Amino acid sequence: MPVPVIMPKLSMTMEQGVIVSWFKEEGARIEKGEPLLEVSTDKVNFEVESPASGILERIIAKPGDQIAVTETIALISQPDETGKEAAAPAPSAAQTAVAQPAAPAAPVGPAPPPPQAPAAIPPEAPSRPRATPAARRLAREGGVEISTVPGTGPGGAVTSADVSSVLGTVAAGPARTTQAPAAVLPAPPAERILPYEGVRKTIGDRMTLSQHTAPQLAMSTLVDFTAAADMRERLSAHVEAGGGPKLTYTDIIVKVAAAALRSHPKVNSSLHDDGIHVMAGVNVGVAVALTDGLVVPVIRQADRKGLAAIAQERAVLVDKARKAALRPEDVGGGTFTVSNIAQRDVDWFAPIINPPEAAILGIGRIAPRAVVDGDQVVPRLSAYFTLVFDHRVLDGADAAEFLQTLKDFMEDPALLLA
């Protein structure tokens, strides 16, 4: 019996996937575990392996098709059963009966005489509206069609008073404008048209869904990076000496955010049909910009890991993202996202929540800024933290308290040890 190839469900939020390309053609030999096709989800592109060895009997879903998870997209047969397609979905007898209209019953007895065509009805001649001669003359002089004037005279006849009333209404109506409509200029020609498909389209669909379903609010605070910079400098040598990568501000922010999420579990939650799910694990996603889109690999249980482990995992995931080698398990299961554009000249921004998460943190440019310290204005290395949150799940006070904890941890990392 042919083995169906189904659209796999690779995360809790995945409901459908888009066929990107097939690596085999119909009739080709395929081995179990061999890459068979590429699928694009709302998070990442990935390869689907063949579930069986045999002949690719039939490709049901074509590139570009959007298929729900668990739907059959192809059939794999053994060489001696090709052409049977026994597993292909076929309409049931009941469905066939419904699809085919019932035939009319055979006539019994002599056939009835053919129906006679109805006699033609001569068109009714338009009747002349009843109106007084004075009303007709007044209507003619005033340019009013007498048949449009409601009559109030005997038998509904139009009187001169009726015409005068209409003329008065017309005179009081809005003046006709003689201004010509504005000319509609043709759109300028495009220099080139980029395809809106694949990862680009799934990102667009996902962000549109987020904006349409979640009422999103944003609040910002300026965070002093002096202590974080000092800690980064002191620990980087230690991490690199242990074979780890260079410690980045993103690693510190992930660590601090994870600790703050542990202190504010409502922020580490998501809204579902049966209520608000406060997540057991703290899995922090890190937005990584690529040339053709954006991916969010996830550092799992970030609240239980040290900076060296977070840095190591972050480096591996970013490298895989840039090589298009992320697996579904690398990008699924996030509970909170950090989007850091500190290396660019953007002071602050409000990212869009990554559904079904309840909040996302955006970090703007890290730069020296004038800060009042006692009686003096001094330069401080700092950055704006912007928290965007789902107002269905969190209130402003919840978000403000979480943001305050983030700020406290960043400005005094020793609090992480308390």
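## Salt bridges, strands and a pocket in a predicted model

The side chains of R29 and E31 form a salt bridge with an N to O distance of 3.0 Å; the term stands for a side-chain nitrogen of Lys or Arg within 4 Å of a carboxyl oxygen of Asp or Glu. This is a predicted model, in which local features need pLDDT of at least 70 and side-chain atom pairs count only at pLDDT 80 or more, while totals for chains, interfaces and linings use all residues. Residues are numbered from 1 along each chain as its sequence is written, and side-chain values use heavy atoms, with hydrogens and water left out.

R29 is partly exposed at a relative accessible area of 40%, and E31 is partly exposed at 37%. Here buried means under 20% relative accessible area, exposed over 50%, and partly exposed in between (1.4 Å probe, protein chains only).

By the salt-bridge rule the count comes to 16.

| Pair | N to O distance |
|---|---|
| R29 and E31 | 3.0 Å |
| D398 and K266 | 3.2 Å |
| R369 and D347 | 2.9 Å |

D398 and K266 meet in a salt bridge. This pair links distant parts of the chain, 132 residues apart: D398 is in helix 9 (residues 396–411), and K266 is in the loop between helix 6 and strand 10 (269–272). Helices (H or I, at least four residues) and strands (E, at least two) are DSSP runs, numbered from the N terminus. K266 is partly exposed, with a relative accessible area of 42%.

R369 forms a salt bridge with D347. R369 lies in strand 18 (residues 367–373) and D347 in the loop between strand 16 and strand 17 (359–363), so the pair ties together parts 22 residues apart in sequence. R369 is buried at 13% relative accessibility, whereas D347 is partly exposed at 32%. Salt bridges with shared partners also join D224, D373 and R380 into one network.

An open sheet is formed by 4 strands in the order 1-8-6-3, with antiparallel pairing. Its edge strands, strand 1 (3–6) and strand 3 (29–30), each pair on one side only; two strands pair if DSSP finds at least two bridges between them. Strand 3 and strand 6 (residues 54–59) are antiparallel and share 2 bridges. R29 stands opposite I55 in strand 6.

Strand 2 (residues 16–22) runs antiparallel to strand 4, and 4 bridges join them. W22 stands opposite L37 in strand 4. Strand 4 (residues 35–40) also pairs with strand 5 in the antiparallel sense, over 5 bridges. V39 has F46 of strand 5 as its bridge partner, and P35 stands opposite E49 of strand 5.

In a regular strand the side chains alternate between the two faces of the sheet.

### Second largest pocket

The second largest pocket has a volume of about 630 Å³. Its lining has 20 residues, of which T250, A287, R322, N340 and R344 lie nearest the centre. Two or more lining residues come from each of helix 6 (249–263), strand 13 (288–290), helix 7 (307–322) and strand 16 (336–340). Helix 7 gives the largest share, 4 residues. A pocket is an open set of points on a 1 Å grid over the protein atoms alone where a 1.4 Å probe fits, with protein on both sides within 12 Å along at least five of seven lines; lining residues have an atom within 4 Å of a point. Grid points are joined across faces, edges and corners, and the volume is the space filled by probe spheres set on them.
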